[in-house]
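Work through the exercises below with the sequence and the coordinates at hand. Each task is followed by a solution in steps.

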Amino acid sequence: MFESLLNALPVALQLGSLISLVVGTLIGIMIGALPGLNPVMAIALMLPLTYGFDPVIALGLVAGIYNGSMYGGSIPAILLNIPGTPAAIATTFDGYPMTRKGQGGLALKTACWSSAIGGIVSALALMTLAPMLAKVTLAFGPSEYFWVAIFGLVSIAVLVGKDISKGMLSALLGVIIGLVGVDAISGAERYTFGTLYLVGGFDLLIVLIGLYAVPPVLEMAEKRNASYFNADSFRVTDGDGSLGLVRRYWRTWTRSSVIGVCVGILPGAGGNLAALLSYNEAKRRAPDPETFGTGNPIGVAAAESGNSADNASAMIPSLTLGIPGNLIAALVLGALMIHGLQPGPQLFTRSPDVVFGFMWQLLLTAMLLLLLGGMVATRLFAQILRMPTALLVPTTLVLMAIGIYTVNGNVTDLYVMLAFGLIGYLLNRLAFPLAPVVLGVLLGPMAEQNLRLTMLISQNDWTVLFTRPISLGIIILLATILLSQSWKALRLRRHSARHDS
Amino acid sequence: MPMTYRDFFSGIAFLIIGATTAWMGKDFFADAAYIPIGAGILMGVFSLPLIWRSTRSLLARHHSSQPVMALVDHPGRFLATLGCCLVYYTALPSVGFYTTSALFIIVLAPVLGERRPVVVLGITLVFITLLYGLFAMVLRRPLPVEFFLAS
């Protein structure tokens, strides 16, 4: 296997492959930076264009778009509080407060380095651990996936925000929003109120842009045409030097990259979960957890390295088992099939140059991020955001409209986005955290589907949820987080009561 | 309005949403009802501490020492932005994407305080041209056709 890996390196370093990597990375950063456009859409649009290309060039484009868009998503997340991709949600928590404090440049630089490091670790994991880690995922059944989803949901609800009950209510609101539409297992309609539009449920992208992108734009609109952002926010060269960043964040990067790689291997768990879990872990281990959410660069480093570390590792089950871990992995499988290659274990023996070449390409694009992301794209997009607020508001709203309209070609989606925007605005003002709502929409259906599968397989034996060793491990971890956070909240309340009296 | 009132009313709102979700969920087919009922009940349960804490605080006439954030900072600009968005979305299918978007920027920017017509027109032109280049020429995404091009 090591020999095949080395043999594939010259293939990935061919001129055509390198050009496709650079073009793909630039397209990816641009797509990720535009709210409403996502890497899935970009890769899906690119695939038909690559029919006539060599598979190595086609996969180079895919690798570039994939890694580039994951970093690109952090640019509007940091500068505008609008996550360019769902995976950039956690980046907004500290990235945007940093911009408001005049540290936008440092946040972008941290995000760029963290994305690159996460991507490199992920590609190395794909190259070295693929066959071994694929075996571990085989031990995950629906019961384990149910607990993974519950763990993601509850830990975020409890750790984000100051009030546990508000966090839980936000998460449950998200779960209920995710219930709307036709039930995937029984085919019955739930909470559709006889409306045709609701039969398909709410599109995650519409909910996401509504909840996350509309409220900050409305807040911007409310300010007089003054500088909403600190002019110094966009200086890209401020803060530590590159060596300083490495010294400061290597622990966070290591931890988050490991989390990202592990999450990536689990089919169905995307970069957003990796980023949120990494963020939580960084917050939990920090000596100053109260500074998270107010502009702590470690939050940005954790979120970005976590979501990028998920990229290549999500390919592990796809390439080794032929089971796509996420939508992009499914598209990569599609790209392989378009070029006459059959995904699965045989791929490694029949087309080693292509499969190992693709692994090298993922590694090379992660490295290219430092050059293209830091030197070209970040500066370019940061300049665009220097526009006066009165012009930034309508142009951002037009960008959102085009992004949402292109999802389904339906104008109703725009009204729904605005409605979710108002809900998000209100929740923000009432001090309810928004991240658990999105997580609820995302993980609620995953938890439900796996719970029902578990019940079907076990013939309604509930004990199966608690008796499998991996499930039990996740439950113990979840209980530890819940108890420690409840204890912290209780102590804080007692302290403030004593302080007030 | 102090935060405690807001917490009280948001707690009540969540209690109603939770109860309605669980009540509607009981009619769903077999195991399709598990999560709706569970989520509804849990929402009701978690809204209770919020209601309890805010009620207790209100009865004790205890006001939070933290500054209260207004629900809407500037209602005029807030409503104008929402109104412009609604008109924009309504006009989009019949007037066309690029025309409506250009008009939307040209109208909303002065409403929000931009008083330099050349800057507004210049940025609108550049922005719409870039959008056209990306979405119509590169990505070829179907968008509402301009009214003057519709046959």
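Predicted model: local features only at pLDDT ≥ 70, side-chain atom pairs only at ≥ 80, totals over all residues.

**Exercise 1. Describe the confidence and the make-up of chain A.**

Step 1. The mean pLDDT of chain A is 80, and 82% of its residues score at least 70.
Step 2. Within chain A, confidence is lowest in helix 3 (residues 39-46), with a mean of 66. It is highest in helix 20 (residues 412-429) of chain A, at 93.
Step 3. Chain A contains 23 helices and two strands.
Step 4. Of the 501 residues in chain A, 57% are buried.
Step 5. Among contacts in chain A with a separation of 6 or more, 80% are between residues 24 or more positions apart.

**Exercise 2. Is Arg284(A) buried or exposed, or does it fall in between?**

Step 1. Locate the residue: Arg284(A) belongs to helix 13 (residues 271-285) of chain A.
Step 2. Apply the cut-offs: a residue is buried with 20 or more other C-beta atoms within 10 Å, and exposed with 12 or fewer.
Step 3. Arg284(A) has 14 C-beta neighbours inside 10 Å, so it counts as partly exposed.

**Exercise 3. Which residues of helix 4 of chain B are buried, and what do they pack against?**

Step 1. Helix 4 of chain B (residues 97-111) has 15 residues. From first to last C-alpha it spans 21 Å, close to the 21 Å expected at 1.5 Å a residue.
Step 2. Its buried residues are Phe97(B), Tyr98(B), Thr100(B), Ser101(B), Phe104(B), Ile105(B), Leu108(B) and Ala109(B).
Step 3. These residues lie on the same side of helix 4 of chain B because they cover an arc of only 160 degrees around the axis.
Step 4. In chain B, they pack against helix 3 (75-95) and helix 5 (117-138); in chain A, against helix 19 (389-408).
Step 5. After helix 4 of chain B comes Gly113(B), with a positive phi near 115 degrees.

**Exercise 4. How many residues does each chain bring to the contact, and which helices of chain B take part?**

Step 1. Chain B contributes 48 residues and chain A 44 residues.
Step 2. On the chain B side, helix 1 (3-25), helix 2 (34-59), helix 3, helix 4 and helix 5 each supply at least two residues.
Step 3. Helix 2 of chain B gives the largest share of that side, 10 residues.
Step 4. Sorted by class, the side of chain B that touches chain A has 34 nonpolar, eight polar and six charged residues.

How values were computed
Residues numbered from 1 in each chain as written. Chains lettered and ligands numbered in written order. pLDDT = per-residue confidence, 0-100. Helix = DSSP H or I, 4+ residues; strand = E, 2+ residues; numbered from the N terminus. Expected span 1.5 Å × (residues − 1). Arc of directions from axis to C-beta. Contact = placed C-beta atoms within 7 Å. Nonpolar A, V, L, I, M, F, W, Y, C, P; charged D, E, K, R; others polar.
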